[in-house]
Amino acid sequence: MSSAKTITNRHADGTGFAAGETVNFSITVTNTGNVVLSNVKVVDTMTKLDTTIESIAIGETETVTTSYTVTQADIDNRVTLTNTATVTPSDPGVTPQNPQIIIPIATPTASIASVKTITSTPANGVAYAAGETVTFAITVTNTGNTTQNNVTVTDALTGLNTTIATIPVGQSATVTTSYTVTAADVAAGTLSNTAVVTPGP
């Protein structure tokens, strides 16, 4: 008996399967002996496949298909994703086999974008006076393909120093902070405010 496992579809970007993409497998079992094989059990724990081929005639090949959906954890953990099946005939003397294949998954790429906006309005609708409070919203978006953890956001002007625990892929998190305008700010005529967003390790 011989067996083989292949991937029968392509990843969307041509380099590796991304989180949420489905990998389709074909497991072929060939009877290379001189007796009919019976009740050949094919198990794949990753895809939860558990089936039995009733019989395989001499020189014939039977095929079983199964699939697996790549998870975000697969990408985040930067794993080498290996899929192994177990092919076990009921016939005595025939050695079980473990056809295996490595699944190409997308390379983890960390990327974030951030935007800072003023969410308050000066009392006169034009400019802030001394003693008025300016409120800010800092929105951080995960633009990569791996979960961002422990993203630090600091703002020297307002004294903000906080950490966003987790930002899933494609999602955003917003933190707010504020500053009270001083007489010196008004005299200067302008006030510049910069936040620093630092991804976690």
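Ile27 touches Ala4, Lys5, Val42, Leu49, Glu62, Thr63, Val64, Thr66, Ala85, Val87 and Pro99, leaving out residues up to four places away in sequence. Contact here means heavy atoms within 4.5 Å. This is a predicted model, in which local features need pLDDT of at least 70, side-chain atom pairs count only at pLDDT 80 or more, and totals for chains, interfaces and linings use all residues. Residues are numbered from 1 along each chain as its sequence is written, and side-chain values use heavy atoms, with hydrogens and water left out.

**Nonpolar cores**

- Ile27 belongs to the largest nonpolar core, which has twelve residues in all.
- A nonpolar core is a set of buried Ala, Val, Leu, Ile, Met, Phe, Trp, Tyr and Cys residues joined through side-chain atoms within 4.5 Å.
- Buried means under 20% relative accessible area, exposed means over 50%, and partly exposed lies in between (1.4 Å probe, protein chains only).
- A second, separate core has eleven residues, including Val23, Ile101, Ile103 and Ala106.

**Strands around S2**

- Strands (E, at least two residues) and helices (H or I, at least four residues) are DSSP runs, numbered from the N terminus.
- Two strands pair if DSSP finds at least two bridges between them.
- Strands of a sheet pair through backbone hydrogen bonds, either parallel or antiparallel.
- Strand S1 (residues 2-7) is joined to S2 by six bridges, and the two run antiparallel.
- Within this pairing, Thr6 stands opposite Ser26 in S2.
- Strand S5 (residues 61-69) also pairs with S2 in the antiparallel sense, over nine bridges.
- Val64 in S5 is the bridge partner of Ile27.

**A sheet of three strands**

- An open sheet has the strand order S12-S11-S14, with antiparallel pairing.
- Strand S12 (160-167) and strand S14 (195-198) each have a single partner strand, so one side of each is left without a neighbour in the sheet.
- From one strand to the next, the twist averages 20°. Axes are lines fitted to C-alpha atoms, for helices over the stretch in contact, and angles run from 0 to 180 degrees between N-to-C directions.
- Seven bridges join strand S11 (residues 148-155) to S12.
- One of the bridge pairs is Asp155 with Leu160 in S12.

**Salt bridges**

- The structure holds three salt bridges.
- A salt bridge is a side-chain nitrogen of Lys or Arg within 4 Å of a carboxyl oxygen of Asp or Glu.
- Side chains of opposite charge can pair when their charged atoms come close.
- Asp44 and Lys5 form a salt bridge, with their closest N and O atoms 2.4 Å apart. Asp44 lies in strand S3 and Lys5 in strand S1, so the pair ties together parts that are 39 residues apart in sequence.
- Asp44 is buried, at 0% relative accessible area. Lys5 is buried too, at 7%.
- Lys41 and Asp50 meet through their side chains in a salt bridge (2.8 Å, N to O). Lys41 is partly exposed at 36%, whereas Asp50 is exposed at 52%.
- Lys116 forms a salt bridge with Asp155, and their closest N and O atoms are 2.4 Å apart. Lys116 lies in strand S9 (residues 112-118) and Asp155 in strand S11, so this pair links parts 39 residues apart in sequence.
- Lys116 is partly exposed at 26%, whereas Asp155 is buried at 1%.

**Two loop residues**

- Val79 sits in the loop between helix H1 (72-76) and strand S6 (81-84). Val79 is partly exposed, with a relative accessible area of 31%.
- Leaving aside neighbours within four places in sequence, Val79 is in contact with Asp74 and Ile105.
- Val79 and Ile105 are 26 residues apart along the chain, and their C-alpha atoms are separated by 8.7 Å.
- His11 lies in the loop between S1 and S2. His11 is buried, with a relative accessible area of 10%.
- Not counting residues up to four places away in sequence, His11 touches Gly16, Phe17, Glu21 and Pro104.
- A polar atom of the His11 side chain lies 3.5 Å from the backbone nitrogen of Gly16.

Technical notes
A polar contact is a pair of N or O atoms within 3.5 Å; within protein, one must be able to donate a hydrogen and the other to accept it, and residues adjacent in sequence count only if both atoms are side-chain atoms.
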